[in-house]
Amino acid sequence: MIAVAEPRVLCLGEILFDIISNEPGVHYEQVTSWTAYPGGAPANVACALTKLGTSSGFVGCIGSDEPGDALVTLLQETGVNVDGIQRHDTAPTRQIYVIRTDTGDRQFVGFGDRPTTEFADTFLVADSLPVQLFETADYLVLGTLEMAYEQTAQAIERALDLAAQHHITTVLDVNWRPMFWQDVHQANKQIQSVLKRFDILKLSRDEAEWLFDTADSNAIAAQLPSAKAVIVTDGDHGCTYRVSGYEGKVPAFIVDVDETTGAGDSFLAGFLHQLCQRGLDALEQAEEIGEIVTYASAVGALTATRPGAIAAQPTRAEVEAFLHLYYQDS
């Protein structure tokens, strides 16, 4: 096992198995070959951070089953702090089926034969959150999927309260997935209600248009005056940002895409890794912001060149070598 440092970044939410089709371009009903890869956006971010050299911890609930055991072992072997993991006695660890287009883009298609509300991640207990980890962390990362479930939503509220109490920078990666919600019409309102509690907002172009009726990072930032950073990613079109009054755009790196699962999570991990290296004050400097977002884009691009989310994540050395070659050739 890797020695686990006190986590600077806490990632709260789901860890699961992505069951990914081995047959790009084939519809769900016709797929005959699948491979299970560990995933779940907050867990992806936690693992990507440790591979880049920033300590992280995962907080979430999984089943008391073999898949849950395998995921805990993976986190431990990757170097992620697991003090925040809860185990449910009867609800299983979640798995989600993913098909791929011919170009490697993924589509989430369901949970097999179980309703979305029956998985262990929906039962995170607020009173059992690892308060000691919040006392020393610098960042708290959340998604919106677990807001769909009453018990885990209460734990999220508790985590945000702890973050405010301990002056932790809060980060929201929207990660909108309609299939997790029983009432997709309620989801927009519920997510909107917590946006002002976050310092950094990262969302895709589609998510931005769904939540704000615009993908313009400046317009979104104007609606969230307390946010320090708004970043809108758009796949191979790159990303735009509004950070501390500075705006910019970073083009996507051109890579051979295998599949894109987890690329956005790796982007966020790269962004946070750079903040941990440079300090939060780096978001006050235009040049440094551009460098941070470019680094994040490189981490996301490299993740898209291999299958799986966690398995595909690059090391710090790989990212540095990639950027060195890029700037050398440009």
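**Pockets and sheets of a predicted model**

The largest pocket holds about 1,200 Å³ of space, where a pocket, on a 1 Å grid over the protein atoms alone, is an open set of points with protein on both sides within 12 Å along at least five of seven lines, and a volume is the space filled by probe spheres set on grid points that are joined across faces, edges and corners. This is a predicted model, in which local features need pLDDT of at least 70 and side-chain atom pairs count only at pLDDT 80 or more, while totals for chains, interfaces and linings use all residues. Residues are numbered from 1 along each chain as its sequence is written, and side-chain values use heavy atoms, with hydrogens and water left out.

Around the largest pocket stand 46 lining residues, and those nearest its centre are Arg106, Gly235, Thr260, Ala263 and Gly264; a lining residue has an atom within 4 Å of a point. Among the elements that give two or more residues to this lining are strand E2 (16-21), strand E7 (106-110) and helix H9 (286-303), and helix H8 gives the most, with four residues. Such helices (H or I, at least four residues) and strands (E, at least two) are DSSP runs numbered from the N terminus. By class the lining of the largest pocket has 17 nonpolar, 16 polar and 13 charged residues, where Ala, Val, Leu, Ile, Met, Phe, Trp, Tyr, Cys and Pro count as nonpolar, Asp, Glu, Lys and Arg as charged, and the others, Gly among them, as polar.

Strand E6 (residues 95-100) is antiparallel to E7 and pairs with E7 over four bridges, in which Tyr97 has Gly110 as its partner and Arg100 has Arg106. Five residues lie between these two strands in their hairpin, where Gly104 takes a positive phi near 95°.

A second open sheet, also of mixed pairing, is formed by nine strands in the order E5-E4-E1-E8-E9-E10-E11-E12-E13. Strands E5 (81-88) and E13 (246-250) are its edges, each pairing on one side only, and here the twist averages 15° from one strand to the next. Strand E4 (residues 56-63) runs parallel to E5 and is joined to E5 by six bridges, with Cys61 opposite Gln86. Between E4 and E5 the chain passes through helix H2 (residues 66-78) in a right-handed β-α-β crossover, a name that applies if, with the strands pointing away from the viewer, the path from the first strand over the helix to the second runs clockwise.

The volume of the largest cavity is about 50 Å³, and helix H1 gives the most to its lining, with three residues.

Technical notes. Two strands pair if DSSP finds at least two bridges between them. Axes are lines fitted to C-alpha atoms, for helices over the stretch in contact, and angles run from 0 to 180 degrees between N-to-C directions. On a 1 Å grid over the protein atoms alone, a cavity is a set of points where a 1.4 Å probe fits but cannot get out, and a pocket is an open set with protein on both sides within 12 Å along at least five of seven lines; lining residues have an atom within 4 Å of a point.
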